[in-house]
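Me: I'm new to this one and would like to go through it step by step. Could you look at it with me?

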Amino acid sequence: MSLFLTVALLWLIVPAESGNGIIPITLITAEQSSTFSNYDAANAIDGDPETWSQTKDGKDILIWFRVIFDDIYCVDKVKLVEISEPSARHNNWRMKNTHITVIDSNSADQSTAQECNTLTHEMIDEAEDSETSTFELECPENEIVCGDGVELQVTHPSAFSYPAAIRLGEIKVFATHCPHNRIFIGTTCVSVLSDLKIQHSYKPKTYK
């Protein structure tokens, strides 16, 4: 049985450990297809929503952003925090039709990526009405999407008003279960196996 299938089965049979059923996933690395100015990918996972990451923009090209987890999780939702400043909400449209997938970073086969959600025209319209640029995108309730990372991809054809770009104040990813070798303590998943040392006091009996 594959590791991903094992995690998926445990997702079904193990209850959520956190108080509200949502566990923040630890993000260990971030990278992007290109970098505009000094807006490095790592800025999106540094805990400060005012240090943005941003790719270069363009049309008819694939633009992507990727984060890697500290373990394998089944993803519940992805939160894109402050993708544009209050004075430049039109930049939300640069991320129109951004596809969010859960990935296996160790696989070269892109067909293993699993769809979570898409940042749609309607979502951005609604955000403009409420003057926000933070979006929570939930993965399908009737599907289990597991992996060790999340990838955002967007391409804008030449007919679009705005060129595509991925800009993030922060990205946050959530699961409703810890990995199979961890338990939820406080605000994170803690390993219960890696540091466990079992000392055996039993000694086999010898005969003369």
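Me: How many cavities of 30 Å³ or more does a search of the whole structure find?
Reply: Keeping in mind that this is a predicted model, a search of the whole structure finds one cavity of 30 Å³ or more. The largest cavity has a volume of about 30 Å³.

Me: Which residues line the largest cavity?
Reply: Its lining is made up of Gln 54, Ile 83, Asn 91, Arg 94, Met 95, Ala 165, Ile 166 and Arg 167. Sorted by class, that lining has four nonpolar, two polar and two charged residues.

Me: Arg 94 is in that list. Which side chain does Arg 94 meet in a salt bridge?
Reply: The side chain of Arg 94 meets that of Asp 57 in a salt bridge, with 2.6 Å from N to O. Asp 57 sits in the loop between β3 (53–54) and β4, while Arg 94 sits in the loop between β4 and β5 (98–103), so the pair ties together parts that are 37 residues apart in sequence.

Me: OK, how many salt bridges does the count come to?
Reply: The count comes to seven salt bridges. One of them joins the side chains of Arg 66 and Glu 151, at 2.6 Å from N to O. This pair links distant parts of the chain, with Arg 66 in strand β4 and Glu 151 in strand β8 (residues 146–154), 85 residues apart.

Me: Which residues are linked with Arg 66 in a network of salt bridges?
Reply: Glu 31 and Glu 151 are linked with Arg 66 in such a network. Glu 151 has a relative accessible area of 7%, so it is buried, the limit being under 20%.

Me: Switching to strands, how do β4 and β7 pair?
Reply: Strand β4 (residues 63–81) pairs with β7 in the antiparallel sense, over four bridges. Within β7, Phe 135 is the bridge partner of Leu 80.

Me: And which residues are on each face of β7?
Reply: Strand β7 (residues 135–138) has Phe 135 and Leu 137 on its covered face, whereas Glu 136 and Glu 138 are on the uncovered one.

Me: What does the side chain of Glu 136 meet in a salt bridge?
Reply: The side chain of Glu 136 meets that of Lys 79 in a salt bridge, at 3.8 Å from N to O. Since Glu 136 lies in strand β7 and Lys 79 in strand β4, the pair ties together parts that are 57 residues apart in sequence. Glu 136 is partly exposed at 43% relative accessibility, and Lys 79 is partly exposed with a relative accessible area of 23%.

Technical notes: Residues are numbered from 1 along each chain as its sequence is written. This is a predicted model: local features need pLDDT of at least 70, side-chain atom pairs count only at pLDDT 80 or more; totals for chains, interfaces and linings use all residues. Side-chain values use heavy atoms; hydrogens and water are left out. Buried means under 20% relative accessible area, exposed over 50%, partly exposed in between (1.4 Å probe, protein chains only). Helices (H or I, at least four residues) and strands (E, at least two) are DSSP runs, numbered from the N terminus. Two strands pair if DSSP finds at least two bridges between them. A salt bridge is a side-chain nitrogen of Lys or Arg within 4 Å of a carboxyl oxygen of Asp or Glu. On a 1 Å grid over the protein atoms alone, a cavity is a set of points where a 1.4 Å probe fits but cannot get out, and a pocket is an open set with protein on both sides within 12 Å along at least five of seven lines; lining residues have an atom within 4 Å of a point. Grid points are joined across faces, edges and corners, and a volume is the space filled by probe spheres set on the points. Ala, Val, Leu, Ile, Met, Phe, Trp, Tyr, Cys and Pro count as nonpolar, Asp, Glu, Lys and Arg as charged, and the others, Gly among them, as polar.
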